[in-house]
Amino acid sequence: MSESQATIPCPDCGQPLEVLQACGAKSYFCPHCNELKSKSRIEAPPAPSPSSD
Ligand SMILES: [Zn+2]
């Protein structure tokens with residue numbers, strides 16, 4: 001592993017997000033969707049797939 005910077009994929013389109021840092025608060029912007037993404041959506045663990053059995 002030689003990655004110095006992790007890229008965060010957009011939860012909607014999967015493109016790498018730009019991390020904007022302002023006054024200690026992080027914002028996530030997707031240049032593909034052209035919109036800011038909610039931090040809770042980015043940092044939340046992936047939702048477990050519902051079992052439809
Ligand atoms: Zn996106």
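What is the mean pLDDT of the protein chain, and what share of its residues reach 70 or more? Colour the chain by pLDDT, the predictor's confidence in each residue, from 0 to 100, and you have the answer: the mean is 85, and 87% of the residues reach 70 or more. This is a predicted model, in which local features need pLDDT of at least 70, side-chain atom pairs count only at pLDDT 80 or more, and totals for chains, interfaces and linings use all residues. To find your way, count residues from 1 along each chain as its sequence is written.

**The whole chain**

Switch to a cartoon view. The protein chain has one helix and three strands, and along the sequence they follow the pattern β-β-β-α. Helices (H or I, at least four residues) and strands (E, at least two) are DSSP runs, numbered from the N terminus. Confidence is highest in β3, at a mean of 94, and lowest in α1, at 84.

Now look at burial. A residue is buried if 20 or more other C-beta atoms lie within 10 Å of its own, exposed if 12 or fewer, and partly exposed in between, with C-beta atoms placed from the backbone. Of the 53 residues in the protein chain, 6% count as buried. Next come the contacts, pairs of residues whose C-beta atoms, placed from the backbone, lie within 7 Å. Among contacts with a separation of 6 or more, 12% are between residues 24 or more positions apart.

**The sheet**

Select the three strands together. They form an open sheet in the order β1-β2-β3, with antiparallel pairing; two strands pair if DSSP finds at least two bridges between them. β1 and β3 (35-37) are at the edges with a single partner strand each, so one side of each has no neighbour in the sheet. On average, neighbouring strands of this sheet are turned by 40° against each other, direction ignored. For such angles, axes are lines fitted to C-alpha atoms, for helices over the stretch in contact, and angles run from 0 to 180 degrees between N-to-C directions.

**The hairpin**

Zoom in on residues 18-22, strand β1. None of its five residues is buried, so β1 lies largely in the open. Five bridges join β1 to the antiparallel strand β2 (residues 25-30). For one bridge pair, select L20 together with S27, its partner in β2.

Then click on C23, in the loop between β1 and β2. This hairpin has two residues between the strands. C23 is not a glycine, yet its phi is positive, at about 55°. Most residues other than glycine have a negative phi. C23 counts as exposed because it has 4 C-beta neighbours inside 10 Å.

Go on to N34, in the loop between β2 and β3. Here too phi is positive in a residue other than glycine, near 60°. N34 has 7 C-beta neighbours inside 10 Å and so counts as exposed.

Where does S38 lie? Look in the loop between β3 and α1 (39-43). S38 is exposed, with 11 other C-beta atoms within 10 Å. To finish, draw a C-alpha to C-alpha distance from S38 to S27: these residues are 11 apart in sequence and 7.7 Å apart in space.

Terms used
Two residues are in contact if their C-beta atoms, placed from the backbone, lie within 7 Å.
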